[in-house]
Structure formats: C-alpha cells, structure tokens
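Trainee: I would like to go through this structure with you, one point at a time. Please give the cut-offs as the terms come up.

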Amino acid sequence: MRKFIIAVSTLVFACTGSGPSNEKSTKVEDLLSKMTLEEKVGQLNFLIGDGFNTGPTLMTRESNNFDVLVKEGKITGLFNVYGAKYTARLQKIAVEQSRLKIPLLFGADVIHGFKTVAPIPLAEAASWDLAEIERSAQVAAEESSAVGINWTFAPMVDVCRDPRWGRVLEGAGEDPFLASRIAEARVRGFQGKSLADARTIAACVKHFAAYGAPLAGRDYTEVDMSERQLREVYLPPYEAAIKQGAATVMNAFNDFNGIPATANKFLLQQVLRKEWKFNGVVVSDWQSIGELIPHGIAADSAQAAQLAMDASVDVDMMANVYASQLIRLIQAGSIKQSQLDDAVRRVLQLKFDLGLFDDPYRYSNEEREKKEMRTDAQVNSALSMAKKSIVLLKNENELLPFSKDESTLAVIGPLANAPAEMNGSWSFFGEPQHAVSILDGIRKKVSPKTSVLFAEGCNLYDDATDKFAQAKAIAQRASKLIVVLGESAVMNGEGASRSSIGLPGVQLDLLKALAETKKPLVVVLVSGRPLTLEWVDQHMPAILETWTLGSEAGNAVAEVLFGDYNPSGKLPITFPRNEGQIPIYYSHKHGGRPYEGDYQDPLNVRIYKSKYRDVRNEPLYPFGYGLSYTKFEYSNLIIDKEKMSTDESVEVSVTVKNVGKVAGEEVVQWYIRDWVGSVTRPVKELKGFEKILLQPGESKTVKLNITSEVLSFYRADMSWGVEPGKFSVMVGTNSANVLAKDFVLN
Ligand code: GLC
C-alpha cells in the first residue's frame, strides 16, 4: 500500500476496504444458496425511477410502475428517486412481498449537495480545504440519507487537462495528487465511519477509467494513452478513493486503448480487482453495457452481456442487457455460475454493509426528512465551502474589496440575477427558490444607503445586443460596476463540451461596452470550466472566478466582494490563453528544445525551439494560482540534508509571512522535480500542500517530509520506485512562483 506524505507531515494511511465479516458472509452465502437464477439476475438490474427533468431539477414522481418488478425480485433498486414515504413503500414490497425479502438500493447523483446545493466539485477543489470538502460531502449524505437514498454516484475523480470537456466541472482538475486527497476527503464525507450509519451513504468512485481524457475534449470520444500516463496521472485518484474505502466503482463510457471500459479486463480485472484488491460492486454507467454494440466491440446484446460479465461489471444500469441475456448465457454455459454468484455476492454484501437487512427503512425517515433538510448548519456549510472556493484572479491597485457604503452600484450581466443557474448542471435535487442570486447577495450585503441598480445587459448565449443600452445607462449612474458573466448550467456538464471556451454569446462585447464608461469594474465569472480570458485579463482591473457555487452563491460572492471574507482559492486547473494551447498543464515535460523566450521577439521568428508563432507558451493563469486581499512572503527555505539515502528522508521547511493589512489564508504548495531518470520526468509535480491562516504580520513555518515514496515513479520498466540523482524541492504560492532547493538521492 502506498503512503502519501502531505505538508503537515501527517501520514495519510488509507484504510482498506471493508472485507466481509464472518457473520455477514454466512448470511450472504445462505441467501445466495436459496436464490433462483432469475432472482440472482434481478439483483444485477438497476433502473432509474419515474421522474422528469424540469430544468436543473429532477421532479420525482411517485409511481406504482415498479411495484411488480420489486415484488418479483427483478430489480436490485432504483436511482434518482427520493422521498421517505415513497422509498419506504417500495422497501416494504421488497421485504414483505418478494420471496426472499431482499431490500432495495436507492442510488442517486448526489454530486455536489442534495437539497442544500454545494459548489460544483471543481469549485470545491479550488478551496484546497480538505476538511471543508469532507464536511460538504457529509452534508450531502445527511440530507440524501433522510429521504431513502443510500448510495451516491460520487466522487467523480476523473483527472482532466482539457477544459473543453463539459464534465471538467465534476472533478478536481488536472493534478493527480490534489485529486487524490480530495477523493479521499469526499469518500470520508459520504461514508463516515460506517456504511450502516443511517446518516452515511455508499460512495461510488467514477468513471473508471480515464474518462477525463477524451479525444479533442469532446464527451464520450475515445481515450488512448500509454500505460505510464494512465498510471501516473489518471489512476491515482481512483486508487486513493478505493484505499479510503469507497464501497463501489462506476465504469466509464469511453473506449480505453481500443477496449471500452465496460469490457476492459485490464482496467477492471487486472488493476481494480487484482492489483487494488477491490471486491466491491462495479456498476456500469448509464446503458454502457448496451453501448458495447455501437462501440463495435459487441455484435449483439448477448455478446455485450458476456464481455461485461467477463470484465466483472456487476450491476447493469439501465441497459436491460443483463436482465435479457444472462439467464440464457448461464444456461448455455458461456457465463459461469460462479461469475454470476460473485456479482450477486458483492451486491448482497453492499446491502448488508448498508444495514438494509437489519432495518430496510433506516434511510426512509419522515422525521429526518422534515427536520434535517437545509438546516442552518447545512446551509452555513454550503456558504463556507462556497466562500473558500472563490479565486481572485486579478485585483489591480487593490480595487477590491468594495465598500459596503458605495453610493451606487450597477450589477450587470445575464448571470447576476439567475438563481437557478447557481445550482449548476449536476444538481437534480436542488431547487431554484433556495439559491441566492449574486444580485440578491449583493443587495443583502451593502448598507441601506447604497443604491443597487440591475440590468441583464445581454442574453446568455445569443447575439442580441438590444439590452446593451440599458446596461450602459445604469453604468453611467453608478460609482462602481459589478459585471457577472460566464456559463449557464447547460454550457457545461455531461454532453456539454465546447470547442471554444470564451465568454458565450455577446458577453464580451457587453463587457467592452461597459469598459468604455471608465468606471471601476469587477468581472465576476460564473463557469464550470476555465474560460479563455485574455482580453478580460488585459483590460479589466479586477476578476473573480466564482465557478458555480450552489445555494449560497450570492452570499459567498458578496462576502468576498465587500471584504467580509478574504478570497483564498487557488486554481485546480490551468487557464489557457486560447484553445490552441490545450492540453496545457503545469506538470509538463521539459523536452529537448525548450523555449523560454518571448514568442514575439523578431529575432526568434525562425528558431528551432518548442514555441508557437502566435501565442506565448505560458498559460494565462497557472495551476495553483490565486490572489488574496493581503500579501504573503515566502522565505527561509531550509533543507535538513543535501544528500539522502533511500531509507532516509529530507525535511524541508519554509517561513510564510502575512505582510499585508488583513488576515488571510494561503495554500502553501510543495513541488518536486526529478532532474534525470530512466524516463523523462515532469518539470514539477505537486507532492504536498497546506492551507494556513495568518493574521497581519504573523509568520508560520510549514514543513514537508520527503521520503523515497514521495520521489517514486514508474521507471522505464514500469516498476514503481526511486532512482538516485539530483532533485529539487520547490515551494510557493502557485506552480509558477516558487523557491527551490536541490538535494541528491544516493
Ligand atoms: C450519467 C453519468 C454518470 C451518472 C449516471 C446516472 O450518464 O455518466 O456520471 O452517475 O449516468 O445518472
């Protein structure tokens, strides 16, 4: 088991999965022995409940459509339905009318919050605050487990280095180390100490594997990469979640190196089951078993069922392939009875772990449904998480924070007064009326004397400019402008990749028109991904990236705008200057012909170095970047030895001082470079971080303990380990601004 050392030199020991206790395994085997073939297949069939999407919320409709299927043991559960009464009614049919009384699973996409909508996961990742992220997941578990849900299809841990991909919002960005620590925190938050606890839910780490690297950033396209890149960049967060005890895994849609993940034995058998010893449930993604046919890897449903079962996908979500094919394939002998039993065993173990056999109604609690939904504590958690997720990208001449006593503020933009958009594209259960718009947050925050004017300015993504005039008119009357631009919930998320990731529609034209007023102006961005912002960065004095912050969006943005909270977020993903730079990320290789010059230097027009003719190599904002209303000074980087042997460790420390006038939090980031290896190594890799609060004038010494494990990698022969040679340890406020010290591993 690999240990990871983080900045506070606390060893993070992952806990192993919950192996079946004797009593439980006896019960499972006993039940299994009584089940008919049909009943076994029924335990692998998983359907969505009756519901319909009304915009960002899914209105679940209680229905009797599943009563017979439940009674006959033909489904193992339902997903994306909820309600204490409704789920209790279906459980009652299962445990009183079905032959073997096996309770139901109720799964759901509780991706970032439930009724109290949390910031999108990419926003939470920008907080780098593991305790806050864990709490956010815990709140989601508290709320959803009160209304029958006992399984969430989260955390999504797909590393992504291509912001064109719509689902980048669901993960933790580009870096495997940060994504791994966040995956662990989310599993802890969802699952707590015991799955049988009525306030915890089973996690489902997804989408296994490498779904975040689709060709050209377009959702569902093929993924093709070396095993080295897979193991170094894309697998670590899945492994971290599983070592943290994630109960289930969801396989990805994508074709991986020629074999779709749903049928990929290397991923599911070799890596997941054999190397990581994962013996929990693997659930397919939505109809992904059936999709083996259009993928062209299965000629028909029978072959699709065979391939998925052979790869050890246990539960068929929505494809109805297992339900229609498994019995015949077992009877024909092409799928072994033991394969079927293994899958059913894992499902029954999950249901035992959730305590459903002891008390099938434990998650359907009308009392809790009334009392434990959107409590002050839960809403405050969403506010705290949201504030910490905001990244200050620019603040020329300390324009921000604004005074609460400004005479007249103009709040302009299509996302300023759009509460429903604040819940984001993966919030089935959040309700628009609970979300605080940015305009409302501002209105509540400023003094009664301040007049707050509002104009939409333009539509979200069409080219109408008829609203510009009104926006310019209120801008003329205001002392300062707050311009809220970016993406609505349908501009990102599943199936919502964008080939161009600038401000949609005519929003940039609106901004340019408002800039002509020469009024002090802050751009507040709402987005589910990095946007290309070169003009905004060059011409606007202040920029806040607020991502999509959920129920408490307006309150969180207002706290930052008016200085009640000093922004502390750091980018979990690189912001490119333009789409042509993608994929672009901080932990790139050095290459044989690096270019650090000025791409516009006329002397360098024809120079055989790695550069573009039309844009510099550097991103607009690097990984780990984020400003504060105060300033932090790094000094005194000390290394306790300059030579270490493989069984020793090096301790490095740095002093961080708040040299500004207000308290602030800083994310101290530690990076390593391995200068020479049997394979080329990245110019830097994140190996630790710590978020610290410093009062004005206060200093703190932050440490990192570097062992051989921290320096290990997949060597030329793909073995995991270290190699002797020169290393650099770097520390700083972002990946591009670091102090460095060298040392040698003997
Ligand atoms: C979707 C997503 C997956 C989600 C599942 C159930 O297509 O890919 O993340 O959990 O289906 O809604």
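This is a predicted model: local features need pLDDT of at least 70, side-chain atom pairs count only at pLDDT 80 or more; totals for chains, interfaces and linings use all residues.

Trainee: Which residues come nearest to the ligand?
Mentor: A residue is near a molecule if one of its heavy atoms lies within 4 Å of it. By class, the shell has seven nonpolar, two polar and five charged residues; Ala, Val, Leu, Ile, Met, Phe, Trp, Tyr, Cys and Pro count as nonpolar, Asp, Glu, Lys and Arg as charged, and the others, Gly among them, as polar. Of the 14 residues around the ligand, those that come nearest are D109, R167, K206, H207 and D285.

Trainee: Is R167 buried or exposed?
Mentor: R167 sits in the loop between β8 (151–152) and α7 (176–191); helices (H or I, at least four residues) and strands (E, at least two) are DSSP runs, numbered from the N terminus. Its C-alpha atom is 8.5 Å from that of R529, 362 residues apart along the chain. Buried means under 20% relative accessible area, exposed over 50%, and partly exposed in between, with a 1.4 Å probe and protein chains only. R167 has 1%, so R167 is buried.

Trainee: Which residue in β10 is the bridge partner of C204?
Mentor: Strand β9 (residues 204–208) is mostly covered, with five of its five residues buried. Strand β9 pairs with β10 (residues 248–251) in the parallel sense over three bridges, where pairing takes at least two DSSP bridges. The partner of C204 in β10 is T248.

Trainee: Which residue does a cis peptide bond join to F208?
Mentor: Omega for this bond is about 5°. Another cis bond, also with omega about 5°, joins I582 and P583, and P583 lies in the loop between α21 (553–561) and β21 (632–639). The residue joined to F208 is A209.

Trainee: What is the relative accessible area of N397?
Mentor: S312 is not a glycine, yet has a positive phi of about 75°, and S312 counts as buried because its relative accessible area is 6%. N397 is not a glycine either, and its phi is positive at about 50°. N397 lies in the loop between β15 (391–395) and β16 (408–412). N397 is exposed, and its value is 73%.

Trainee: How far from C160 is the nearest cysteine sulfur?
Mentor: A disulfide is a pair of cysteine sulfur atoms within 2.5 Å. A search of the whole structure finds zero disulfides. C160 is in no disulfide, and the nearest cysteine sulfur, in C204, lies at 19 Å.

Trainee: What is the relative accessibility of C458?
Mentor: C160 counts as buried because its relative accessibility is 1%. C458 also counts as buried, and its value is 0%.

Note on methods: Residues are numbered from 1 along each chain as its sequence is written. Side-chain values use heavy atoms; hydrogens and water are left out.
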